[in-house]
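Hello,

Here is the structure I promised to hand over. My notes on its aromatic rings follow below.

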Amino acid sequence: QVHCTLAILFGWGGHVLRPMSDGSSVDGEGSGCDLKAICRRTGSKPTQESSSEKSGSSDSDPTASGPPVSDSRGPRTLAIAEEAVEGRHSAGKRGARNVGRKARGRDVAERNEEGTLEEGTKKSVKSRGRRRGGDSNDEFTAQPEGRGSGKGGKGAKPKRAGGQKARVSKLLCGVVAFKCHHGKHLRVEPNGELRATSAVIGDAEKFEIVDHLDGTISLKCANGKFAAVDKTGAVQASGAVVGEFQKFVVVEHDNGLVSFESSFGFLAASKSAVLANRQCPGAWERFQVKPRPSVRPAKKDDTPDSEDSPDVPLFDACCDLEAVLGAEERYASAHADRVAVAFDRRARARREEGTHLSFDHFRKDNSYPSSFRGCVATWDVTMLSAPSEQENTPNANADSSFIRGGNPRLSWLEVLASSFTHAAFGVPAASAGEADEATFQRLEIFCARAVALGPVSLDFSELPLGASSPSFTSAEIQSLFGAGPSGAYDARRDPQCLAWLAGGQSVDVWMNKYGDRRLAEWKAARADHATRRFEAQLSVLERQVRLARDRGLPLIVQLPPQDEAERRMVEVLVSVLGEGSEQPLLISAFQGRPKCIVALLKLFPCLYVGFSGLLTHSKLKDSLAEVAFDTPLTRIVLESLGPRYPPSTIGDKRGSFSHPAHVALVAAEMAAVKRITAQEVLDVAWQNCRQLFQL
């Protein structure tokens, strides 16, 4: 019955296996087992030598049946065949199929090493290995993004010859920088976190290679700490000494790229984070090594270190520098995550040192390149006091400036103490309702210290609805309700609610009794403030344009994406300055229609267009790229608009904000639009800023 079952299952026909005394089986007489058929199923071929040895008989054994089969493929083929037969006996069709696959793989590998396999078969095997995520000779930018990478990926780890650790002896020594798969460089953030967001190479992007006797290395970062990996795979520049978590094994690939294997996996640098938890190296786990000088050479004009050229001047044409210096403190006050804790710790330390308003200290903490030329910081005159004025008025809008301590209305003096800071003063549309005669007298005093006047703007957005209310200034609304007209009402910040809570009462009880009434009062005050701003902004704008013309100062104009605002702004500029006027103008933070910029460039020959991190955002890239393409290089300047509008490459990070050094990322995007190098964009933008602001 067993023989019949085997004959039916495997199609052996009249061949019968005769059991032996030792438990093995050989061909019965007159039934010779077709060994060729078995080997065809397993992908191998029998030989005469193996047939006689494995069946337990010699050439003269009378029990052996069937003609001898000659082959020169190797002595293991019959063993492979019998392994398949035993697999069929023990596991049926499925077990035999699996064993047959293994046998075919071993046989193909041996024949490939011996050079007996056809060329076409070699190529197919090689392509299968590449599809499964193995190492290949592809270029760095052509690596498959998802194959062989990721935690628990299916790709195979690169083999190290003889079990030795691979080592890069020529490039990976001294001080180096690492370029990642998406074109950015690894850098160390001020909080010690590793990120792959840098377009240029500065001090924060340099790592010192420290060798160890066991063949591993450590990465010493710009802050003097070693890159350490914790159990979650997070990488921080926090190791004061070298231990197990600070060591990496270097794996070199055929295309010159390297990977770093830690105790918890391979180091991977994606657009959002740098982790060391990958099981095998794919595209995101490979880095290009760029040797850098350990000590920056002295340069005649103090220029930065960059991968394209040593001369990359950086200048920010417009930003809210005071808000940039207080961005971390403002984030820490509104959030309760780990980033907020780190920000609060640093903010407290800066206040204790008295450097919370020092731009020089900020540049040092953020590793600004030595070629940084400076920035133009803008201020709202309604929130400031002149040096001769002895005012202790609280800050007009705590939401826009989180600087506490001392006199906040005189804080601009401390910010301007840096030699890299230039000032621009003006009355924006949001504060037009509070501008009085004293405001313009103060503005004329500030013009003596300014390189420009502005920002000036118009806002014709829909007015909020609300009941009639007494006329309050922005500072009065903030002090009465705990929220300014541009903020959001929160009962827990309302002075009346705080007094209620101080008496031991519950906030829920106060909300039930007074919450709706206080919210309605705040909305009415905000509506009245917006109405006065709407009515006064045209007259305030016209007066500032005349003042800039009379003082010969450049005028910084900011336009929201509103057709009515664009039309009214052009009317005021033409009526006051005249068509074809040579008054220097800067259109900042533009998000409107491209044809508006084309018309303004024709009307005013000395008009410049500022481009910020908005150029890198996908939602605005099409329209702003068209504006950038239509604007001549001689009319382009770069701005950060910090802390608003961080570039998209860093905008997804918690607590991220824009600051003046990010103009390098804007230059890279502008270079892609203009099809020139970022070096050329930075050079031209710097020359245009010098001409615009008379620097």
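Which residues form one aromatic cluster? They are Phe178, Phe207, Phe248, Phe260 and Phe287.

Some ground rules. This is a predicted model, where local features need pLDDT of at least 70, side-chain atom pairs count only at pLDDT 80 or more, and totals for chains, interfaces and linings use all residues. Residues are numbered from 1 along each chain as its sequence is written, and side-chain values use heavy atoms, with hydrogens and water left out.

Aromatic pairs: the structure holds 21. Rings of Phe, Tyr and Trp (its six-membered ring) pair if their centres lie within 6.5 Å; planes under 30 degrees apart are stacked, over 60 edge-to-face, and the rest tilted.

One of these pairs is Phe315 with Trp686, tilted, at 5.5 Å centre to centre and 50° between the planes. Phe315 lies in strand β15 (residues 314-319) and Trp686 in helix α20 (residues 678-693), so the pair ties together parts 371 residues apart in sequence. Helices (H or I, at least four residues) and strands (E, at least two) are DSSP runs, numbered from the N terminus. Both Phe315 and Trp686 are buried. Buried means under 20% relative accessible area, exposed over 50%, partly exposed in between (1.4 Å probe, protein chains only).

Best wishes
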